[in-house]
Amino acid sequence: MNALPFDFYRLFNDLAVKSPWTLPVGTQFSSDREAFVSALNVCKQLPGICLNLNKNREILAISDFGAHYLGYEASELVGKSIDFIVAAADLDTYHQKLDLLERKQTAVQDWVGQQVCKDGKPILVKISGSLITYSEALKTLFLICQDIDLYLNPLNLEERLDAKTQIGNRTLLFSDEIQLRDEQLKQDNHKRHNHEVLLSQQAAQLADSQLALINQMSILQSILDSIGDGVIVVDRQGRFLLFNPAARQMMAQGSVYKTIAEWTTDYECYYSNGITRYTCETLPLTRAAQGEEIEREEIYLRHRHSSRELWLSVSARPIRNAQEDIRGGVAVLHNITERKQAEIALQQLFQRERLLGLLTRNLHRSLELQDLLKNIVDEIRQLLNCDRALIYRFQPSGKDALIVEESLNTRASYLPLRDWKVRHLSFTEPPLIEQFCQGRLLACDDIQTANLHKADIELLKAVGVKSLLVVPILQAEKLWGLLVMHQCNQMRQWQPIEVDLMEQLATQINLAIQQAELYYQLAQANAELQTLASIDGLTQIANRRRFDEYLTQEWRRLSREKAPLSLIICDIDYFKAYNDTYGHQAGDACLKQVASTIRSVVKRPADLVARYGGEEFAVILPNTSLDGAVLLAESIRYQVKTLRIKHRSSAINQYITLSLGVASLTPSMKATPSQLIAICG
């Protein structure tokens, strides 16, 4: 808050106690001209030599006492230039000081000069001057002149006052005392002398007090009009007594508001956290009027019927009279709106950028779509501190929306909605679909007043939803799904920064989902390629490459586990003769049948059936003993025999038969898989 040039609060107390010319509490002027005329009337009644000058430095008003003191009637001086009563040698000094006042380079000017009485006699005076502003077009210079000789020789007052008695005995402050003194002087000359001395001293002191008070009033008026801080005065009942121009501009206070309580009907007042509201009784000015002193308390004001917002730093003090009774309160208001708005904007920008960066990194770490969707709802729910976050995914028909992921606030019991298939939601119908396709969000502070179907509102109420925020998820300009946030414990006003943040996050979510789906497609393609690279194209069982990889893999694993590994190698008897007799197409069909039969016999997932060579097949049997492998080989031989594939060129049977080799070893680092193959051969 700007420092004031003197003890501001003490001046208010002094004025409240000492001023006999203060207008009644609550006095208001209908115009600046009315206030100006009232000030001139007051000037005429003041003790001492008091003058009001216009911009041409002509006398607008002079106190009756002052005119008589100089030997004139007041009417003789009104309209005259100040030069008329100023000694010629002091004219330059007078005008230099008055120039400083008019240019507002200083609030008060004090100097010593000479004034000339009607009889030509000069008087050495001390002058105090100040500029009084009623409006930009209406300003006056107010001068108070004190005869220095009165301080040096108070007895001279008798001679001067006697001379003025001849002009009508119109001294305002001393007439009663002079009459009493004259009566006492007739009774006792000695007593008369002592009384005159005492009276002159008291008169001088009273004159000093009144002149100082008038000077303070003039200073106060100038300060109130010129300072940028607002000043407000109220009485103990909270009625407004004074608003300076800066305060009126800040508070938009006009004649329509008479009390603090009436003013608060249009303004909401909050503590610096922007959440906790003041009551009329807890406002700084009300507390000051009850005796509390407040230093730089920050308050936030918001007009109920417009977008007007204001941040103020308020210092307030009680106003007390001479008996220390509280008569009201005075507050100084410093407008800190621009600073607070800049601070809030900077904090919001920092928070938004930090959260956006954090969420973006977290989202792009997930390549699996389901993991990504789970991360999205968890992160968003925690970020917005809402009760439920959901992701709806539209089905290929475009009419159904399925909740594919959900995150719930674990501190409260809310009904889970995952796997609900919602057909009738407004989200899946125009015009909301059109809004979502354009990337625009839907924010509902109160679902009761939202533009939704009645059935939607009933459904949302049934699961405890009071406020709703919906963010569209787009893929290739098509609506992929919706990210939906629910507030269930109370209604929530979604803040602009939250909506703005979600709009930015929507773009990142779209990219992350697109990335996850591309990753899924790539993984599928790689899996297909891997399958093609490891499957025999004719028989659709593992090929020789896959056989070698799997045998090496299991050899290493079982060497650590010290478990047996068995191998069966099957060879179709006289298969070359079969091809020569029946042709290669029949030979291919035979290979397919044999491979399918072997695969049907080998049932364990860990066992691998592979095409080892042209007409050779192999079966890798992890964790299988030799006896178990022999039994399985015999079962394979028998099942192939039951196929009864005719082979008239065979030297041993009229049907296709197999020759099988079986081997079993416990793998170790000293042996190799080739040793197992060699045993089977």
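In the predicted model, Ile-123 touches Tyr-69, Leu-70, Gly-113, Gln-114, Gln-115, Cys-117 and Asp-147, residues up to four places away in sequence not being counted (contact means heavy atoms within 4.5 Å). Ile-123 belongs to strand E4 (residues 122–135); helices (H or I, at least four residues) and strands (E, at least two) are DSSP runs, numbered from the N terminus. With a relative accessible area of 9%, Ile-123 is buried, where buried means under 20% relative accessible area, exposed over 50%, and partly exposed in between (1.4 Å probe, protein chains only). The C-alpha atoms of Ile-123 and Gly-113 are separated by 8.3 Å, the two residues being 10 apart along the chain.

Residues are numbered from 1 along each chain as its sequence is written. The model being predicted, local features require pLDDT of at least 70 and side-chain atom pairs count only at pLDDT 80 or more, whereas totals for chains, interfaces and linings use all residues; side-chain values use heavy atoms, with hydrogens and water left out.

The secondary structure of the protein chain comprises 22 helices and 21 strands. Of the 681 residues in the protein chain, 45% are buried. Among contacts with a separation of 6 or more, 56% involve residues 24 or more positions apart.

An open sheet of four strands shows the order E19-E20-E18-E21, with antiparallel pairing; two strands pair if DSSP finds at least two bridges between them. E19 and strand E21 (658–665) form the edges, each pairing on one side only. On average, and with direction ignored, neighbouring strands of this sheet are turned by 15° against each other. Axes are lines fitted to C-alpha atoms, for helices over the stretch in contact, and angles run from 0 to 180 degrees between N-to-C directions. Strand E18 (residues 565–572) and E20 run antiparallel and are joined by seven bridges, and Ser-566 has Leu-621 in E20 as its bridge partner. Helix H18 packs on the sheet and touches E18, E19, E20 and E21, its direction making about 20° with that of E20. Helix H22 (residues 673–680) also packs on the sheet, touching E18 and E21, and its direction makes about 140° with that of E21.

Rings of Phe, Tyr and Trp (its six-membered ring) pair if their centres lie within 6.5 Å; planes under 30 degrees apart count as stacked, over 60 as edge-to-face and the rest as tilted. The pair of Trp-263 and Tyr-267 is stacked, because the ring centres lie 4.8 Å apart and the planes meet at 10°. Trp-263 counts as buried at 4% relative accessibility, and Tyr-267 counts as buried at 3%. Phe-547 and Tyr-612 form an edge-to-face pair, with 5.1 Å from centre to centre and 80° between the planes. Phe-547 lies in helix H18 (residues 544–561) and Tyr-612 in the loop between strand E19 (608–611) and strand E20 (616–622), so this pair ties together parts that are 65 residues apart in sequence. Phe-547 and Tyr-612 are both buried. Lys-80 lies over the face of Phe-84, at 5.6 Å from the ring centre.

One aromatic cluster is formed by Tyr-270, Tyr-300 and Trp-311. Strand E8 (residues 267–271) pairs with strand E9 (residues 294–303) in the antiparallel sense over five bridges, with Cys-269 opposite Leu-301 in E9. E9 also pairs with strand E10 (residues 309–320), in the antiparallel sense over seven bridges, and Glu-298 stands opposite Ser-313 in E10.

The structure contains zero disulfides, a disulfide being a pair of cysteine sulfur atoms within 2.5 Å. For Cys-280, the closest cysteine sulfur is that of Cys-269, at 8.9 Å, too far for a bond. Cys-280 is partly exposed, with a relative accessible area of 23%. Cys-437 is likewise partly exposed, with a relative accessible area of 36%.

Note on methods:
Lys NZ or Arg CZ within 6 Å of the ring centre and 35° of its normal.
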